[in-house]
Amino acid sequence: MGKLYNKKLGEIDILLHRPLEGTIKQLIIKRQGKKWYAIFCVERQALPPSIDTNRAIGIDLDLISMRFFLMG
């Protein structure tokens with residue numbers, strides 16, 4: 001259980017189903033039926049996945065589209 005503070009609504013008890021990672025940029029409060037939901041939009045730095053250069057392949061899509069263009 002956690003707490004959410006909003007200027008208009010004050011302090012609200014919330015249940016976070018996962019930890020927030022990054023800087024909160026936007027909060028959307030939504031109601032569906034009798035339940036309320038808080039939707040957090042966050043900005044975080046994405047880490048590029050490590051690439052195994054021994055197993056890397058490349059596909060040139062321009063040559064494939066050019067072949068179909070020339071064939072008809």
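Predicted model: local features only at pLDDT ≥ 70, side-chain atom pairs only at ≥ 80, totals over all residues.
Local features were considered where pLDDT is at least 70 and side-chain atom pairs where pLDDT is 80 or more, while totals for chains, interfaces and linings use all residues. Residues are numbered from 1 along each chain as its sequence is written, and side-chain values rest on heavy atoms, with hydrogens and water left out.

Of the 72 residues of the protein chain, 6% count as buried; here buried denotes under 20% relative accessible area, exposed over 50%, and partly exposed the range in between, as calculated with a 1.4 Å probe and protein chains only. Among contacts (heavy atoms within 4.5 Å) between residues at least 6 apart in sequence, 6% join residues at least 24 apart.

The strands E1 and E2 pair in the antiparallel sense over five bridges, two strands being regarded as paired if DSSP finds at least two bridges between them. A hairpin of three residues joins E1 to E2, and the bridge partner of asparagine 6 is glycine 10 in E2. Isoleucine 12, which lies in strand E2, is partly exposed with a relative accessible area of 29%. When neighbours within four places in sequence are set aside, the contacts of isoleucine 12 are with Gly2, Lys3 and Leu4. The C-alpha atoms of isoleucine 12 and glycine 2 are separated by 8.4 Å, these two residues being ten residues apart along the chain.

Strands E3 and E4 also form an antiparallel pair, in this case over nine bridges, and glutamine 26 stands opposite cysteine 41 in E4. Two residues lie between E3 and E4 in their hairpin, and glycine 33 in the turn has a positive phi of about 65 degrees. In a regular strand, side chains alternate between the two faces of the sheet.

A search of the whole structure finds four salt bridges, a salt bridge being defined by a side-chain nitrogen of Lys or Arg within 4 Å of a carboxyl oxygen of Asp or Glu. One of them is formed by lysine 3 and aspartate 13, with the closest N and O atoms 2.6 Å apart. Because lysine 3 belongs to strand E1 (residues 2-6) and aspartate 13 to strand E2 (residues 10-14), the pair ties together parts that are ten residues apart in sequence. Lysine 3 is exposed at a relative accessible area of 54%, whereas aspartate 13 is partly exposed at 46%.

A further salt bridge is formed between arginine 44 and glutamate 21, whose closest N and O atoms are 3.0 Å apart. This pair links distant parts of the chain, 23 residues apart, with arginine 44 in the loop between strand E4 (35-43) and helix H1 (61-71) and glutamate 21 in the loop between E2 and strand E3 (23-32). Arginine 44 counts as exposed at 57% relative accessibility, while glutamate 21, with a relative accessible area of 45%, is partly exposed.

The side chains of lysine 25 and glutamate 43 likewise meet in a salt bridge, at 3.4 Å from N to O. Since lysine 25 lies in strand E3 and glutamate 43 in strand E4, the pair ties together parts that are 18 residues apart in sequence. Of these two residues, lysine 25 is exposed with a relative accessible area of 55%, and glutamate 43 is partly exposed with 49%. Salt bridges that share partners, moreover, join Lys3, Glu11 and Asp13 into one network.

The protein chain exposes about 7500 Å², of which carbon and sulfur atoms supply 56%; accessible areas come from the Shrake-Rupley method with a 1.4 Å probe, and for residues only the protein chains shown count as cover. Leu16, Leu20, Ile24 and Val42 make a nonpolar surface patch of about 310 Å². Patches are made of residues with over 30% relative accessible area and no salt bridge, nonpolar side chains (Val, Leu, Ile, Met, Phe, Trp, Tyr) being joined within 5 Å and like charges within 9 Å. Within this patch, leucine 16 lies in the loop between E2 and E3 and is partly exposed at 43% relative accessibility.

Definitions and conventions. Helix = DSSP H or I, 4+ residues; strand = E, 2+ residues; numbered from the N terminus.
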